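Let's take a friendly walk through this model, strand by strand. Have the sequence and the 3D view open as you read.

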Amino acid sequence: MGGTLQATLLYLVLYLVLLHICRCSNIAVSQDEEWKTATATYSKETDGSIITEGACGYGDLHKISYGKHSAGLSGILFNKGSKCGTCYELRCVDHILWCLQGSPSVTLTATDFCPPNYGLSKDYGGWCNFPREHFEMSEAAFAEIAKKRADIVPVQYRRVKCERSGGLRFMMSGSSHFYQVLITNVGSDGEILAVKVKGSRTGWIPMARNWGQNWQSNVNLKGQPLSFEVTISSGRTLTSYNVAPANWQFDQTFEGKQF
């Protein structure tokens with residue numbers, strides 16, 4: 001009787017272990033996106049990077065470490081700014097003349113919108129016309145996957161986890177009746193879905209997306225230490241308490257936790 005019970009318990013333990021392994025495998029597979037097809041060009045900047053402010057509101061991309069490996073997305077990818085800060089792995093494919101040997105890949109951060117040009121065909125100059133999936137890369141990043149003599153190259157891309165150094169950064173701006181925070185350096189999937197702010201004299205206040213990754217509130221928060229709650233597209237929420245001290249000023253940047 002004892003032997004039968006021990007065998008049953010052993011089988012049960014093995015079953016639970018195998019079930020856990022299967023679940024972990026399924027999670028890992030679901031996090032690896034399939035490669036998709038698109039096209040890519042590059043923006044010719046004097047220092048090899050996209051340094052203009054762009055539609056995400058990041059300002060000088062070098063100061064927030066996005067400069068060299070950044071890209072503007074066509075409208076179908078940009079999704080009205082919700083994809084600002086997301087990361088993509090790109091590789092040049094199917095063009096023996098322009099793609100670098102071995103099809104090396106590069107990881108980019110979405111920092112801008114590539115506007116359509118409906119005066120040109122989507123296959124000749126109107127690269128970002130809807131519904132094309134297109135990346136306008138920094139020159140330096142483009143040179144890591146293709147020859148710069150190329151006009152446009154076919155690429156494969158997939159969303160990847162954003163690897164960031166340090167915590168989320170919150171840059172304050174606005175006026176006496178309008179408070180705005182620019183959130184950068186977001187790790188994990190990089191895509192912010194919702195933001196809340198809390199002062200020492202308030203509860204949690206939902207903020208509205210103004211444009212790109214600028215989030216706003218009309219509540220008077222001056223003279224209060226500020227905490228932020230950030231939710232990303234995976235559903236994870238991160239709370240950074242008392243990130244900004246009570247004497248915070250506009251144009252200051254504060255660092256919080258990281259996903």
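## Around the barrel

The bridge partner of G72 in strand β5 is E136. That pair belongs to a predicted model, and it is a handy place to start. Strand β2 (residues 70-73) and β5 are antiparallel and joined by 3 bridges. On another side, β5 runs parallel to β1, with 5 bridges between them; here Y42 stands opposite M137 of β5.

Now for the wider picture. The sheet closes into a barrel of 6 strands, ordered β1-β5-β2-β4-β3-β6, with mixed pairing. From one strand to the next, the twist averages 45°. Strand β3 (residues 87-92) and strand β6 (residues 153-160) are antiparallel partners, linked by 6 bridges. Within that pairing, C87 has V160 of β6 as its bridge partner.

| Strand pair | Direction | Bridges |
|---|---|---|
| β1 and β5 | parallel | 5 bridges |
| β2 and β5 | antiparallel | 3 bridges |
| β3 and β6 | antiparallel | 6 bridges |

## A closer look at T39

How much of strand β5 (residues 134-138) is buried? The strand is mostly covered, with 4 of its 5 residues buried.

T39 is found in strand β1 (residues 36-43). Is T39 buried or exposed? Its relative accessible area is 15%, so T39 counts as buried, the cut-off being under 20%. The T39 side chain makes a polar contact with the side chain of H134, at 2.7 Å. Beyond its neighbours within four places in sequence, T39 is in contact with R132, E133, H134, F135, I152, V153, P154 and V155.

Notes
Residues numbered from 1 in each chain as written. Predicted model: local features only at pLDDT ≥ 70, side-chain atom pairs only at ≥ 80, totals over all residues. Heavy atoms only, no water. Pairing = 2+ DSSP bridges. Helix = DSSP H or I, 4+ residues; strand = E, 2+ residues; numbered from the N terminus. Axes fitted to C-alpha atoms, helices over the stretch in contact; angles between N-to-C directions. Buried < 20%, exposed > 50% of the residue type's maximum accessible area, 1.4 Å probe, protein only. Polar contact = N/O pair within 3.5 Å; in protein donor to acceptor, adjacent residues only side chain to side chain. Contact = heavy atoms within 4.5 Å.
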